[in-house]
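Trainee: Could you show me how to read a sheet and the helices packed around it?
Mentor: Gladly. Let us look together.

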Amino acid sequence: MAEAQKYLPGMPDEEMEHEAVTLDPRLEREAERIAEALVFASAQPVSETYIASRLPRGADVGRIMSRLKALYAPRGVNLVQVADHWAFRTAADLSFVVQTDEQEVKKLSRAALEVLAIIAYHQPVTRAEIEDIRGVQTSKGTLDVLMEAGWVRFRGRRRTPGRPVTFGTTRDFLDQFGLEEIRDLPGIEELKGAGLLSGRIPSNLHIPVPAGEDELPENEDPITQMDLEELGLLTPKAEEDD
């Protein structure tokens, strides 16, 4: 608190808590430069928590990132938000300029696309629920492809007999499809406008609003170390020690 008073002399402690974001203009500019450098230097989206830990005491990381986002909005490179992370990306209307023939495009089968869409809109969802929605059995290979691509992850385990694993999307999924959060997925009217749904769709068709990526419902437990070992994704600790 003493350090904050150095920048805000004479201000009572209780008022300082509300005014902590009001930094000296020089420190505010320096905080912006630091945040900009941290995101620019990283190949992966950078979390707000990490950025905040590197900024001067009292800096409002949300306000700083929003201001930088607006600054880069009309440029060839945009600052984009991916969940609670930030990254620089080529402006969407200029993506064709930087594409090369050598770039490998991930092509998914129709089955994989269907499964990905179901997971995105219905998460948390179990394999049995995916198969119930699709009306056909889902092969393990289809889920493996989506997980290897980094777009799908194990979320938790349902509190039902057998404790089936639930699936959800990842931050890489948001990044790949240009979404700030999972709730930015297009709704039924947007899908119609994009021509992805025909005019003869059933009148009772309902596209759910997905839950937040990290929101666990009451009937779901988070994935633990023991769960990962049971699923064969990690070597049991006892074996590692040997």
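**Reading a sheet and its helices**

Mentor: This is a predicted model. Start with a strand pair: three bridges join strand 5 (residues 152-158) to strand 7, and the two run antiparallel.

Trainee: Which residue of strand 7 is the bridge partner of Arg157?
Mentor: Asp221 of strand 7.

Trainee: In what order do the strands of the sheet come?
Mentor: The order is 4-6-5-7. Four strands form this open sheet, with antiparallel pairing.

Trainee: Why is one side of strand 4 and of strand 7 left without a neighbour in the sheet?
Mentor: Strand 4 (125-126) and strand 7 (220-222) stand at the edges, and each has a single partner strand, so one side of each lacks a neighbour in the sheet.

Trainee: Which strands does helix 7 touch?
Mentor: Helix 7 (residues 110-122) packs on the sheet and touches strand 4, strand 5 and strand 6 (165-169). The direction of helix 7 makes about 95 degrees with that of strand 6.

Trainee: How are two packed helices described?
Mentor: By the angle between their axes and the distance between the axes. Here, helix 7 and helix 8 (residues 127-134) pack at about 115 degrees, with axes 10 Å apart. The two helices are therefore roughly perpendicular to each other. Their crossing is right-handed.

Trainee: Which residues make the contact?
Mentor: Helix 7 brings Ala111, Glu114, Val115, Ile118, Ile119 and His122. Helix 8 brings Ile130, Ile133 and Arg134.

Trainee: How many of the contact residues are nonpolar, polar and charged?
Mentor: Six are nonpolar, one is polar and two are charged.

Definitions and conventions:
Residues are numbered from 1 along each chain as its sequence is written. This is a predicted model: local features need pLDDT of at least 70, side-chain atom pairs count only at pLDDT 80 or more; totals for chains, interfaces and linings use all residues. Side-chain values use heavy atoms; hydrogens and water are left out. Two strands pair if DSSP finds at least two bridges between them. Contact means heavy atoms within 4.5 Å. Axes are lines fitted to C-alpha atoms, for helices over the stretch in contact, and angles run from 0 to 180 degrees between N-to-C directions. Angles under 35 degrees count as roughly parallel, over 145 as roughly antiparallel, 65 to 115 as roughly perpendicular and the rest as oblique. A crossing is left-handed if the near helix is turned anticlockwise from the far one by less than a right angle, and right-handed if clockwise. Ala, Val, Leu, Ile, Met, Phe, Trp, Tyr, Cys and Pro count as nonpolar, Asp, Glu, Lys and Arg as charged, and the others, Gly among them, as polar.
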